[in-house]
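Please load the model in your viewer and keep a selection panel at hand.

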Amino acid sequence: MLMYLVRHTPVGVPAGQCYGRTDVPLANDWRAEAVRTWTKIPSKEAARAAVWSSPATRCRALAETHDSTPRIDARLAEMDFG
C-alpha cells in the first residue's frame with residue numbers, strides 16, 4: 001500500500017502563533033496552494049486515492065479540493081495539549 005500524508009495549507013494566523021485544535025481560517029491563497037499540493041502526487045496515484053481528513057476545516061477544505069466526499073475521521077485531529 002502506498003500512502004501520502006499531506007498537511008493542510010497555510011492558515012490565516014500570525015506567524016509563530018500556536019493554534020492547536022482551534023478551527024482557524026485558511027490563508028487567502030489556500031486554493032492556489034491546494035492545487036500545488038495535489039500536483040506533487042503522481043496523477044496515476046492521485047486518481048485512485050482514498051482521501052481521509054481530520055474534521056478541522058483547514059484539513060477538510062484541502063481534502064475536498066481532490067475528493068468531494070473525503071472520509072472524515074476524528075482520530076486524525078490535532079492533539080490537545082491544553
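**The largest pocket**

The largest pocket holds about 920 Å³ of space, a volume being the space filled by probe spheres set on grid points that are joined across faces, edges and corners. A pocket here is an open set of points on a 1 Å grid over the protein atoms alone, where a 1.4 Å probe fits, with protein on both sides within 12 Å along at least five of seven lines, and its lining residues have an atom within 4 Å of a point. This is a predicted model, in which local features need pLDDT of at least 70 and side-chain atom pairs count only at pLDDT 80 or more, while totals for chains, interfaces and linings use all residues. Residues are numbered from 1 along each chain as its sequence is written, and side-chain values use heavy atoms, with hydrogens and water left out.

Select Y4, L5, V6, A50 and W52 next, which lie nearest the centre of the largest pocket among its 30 lining residues. Then colour α2 (43–47), β1 (52–53) and α3 (57–64), the elements that each give two or more residues to this lining; helices (H or I, at least four residues) and strands (E, at least two) are DSSP runs numbered from the N terminus. The largest contribution, four residues, comes from α3.

Move to M3, in the segment before α1 (30–39), which is exposed at 56% relative accessible area, exposed meaning over 50% (1.4 Å probe, protein chains only). Finish at M79, in the segment after β2 (71–72), which counts as exposed at 59%.

Terms used:
Buried means under 20% relative accessible area, exposed over 50%, partly exposed in between (1.4 Å probe, protein chains only).
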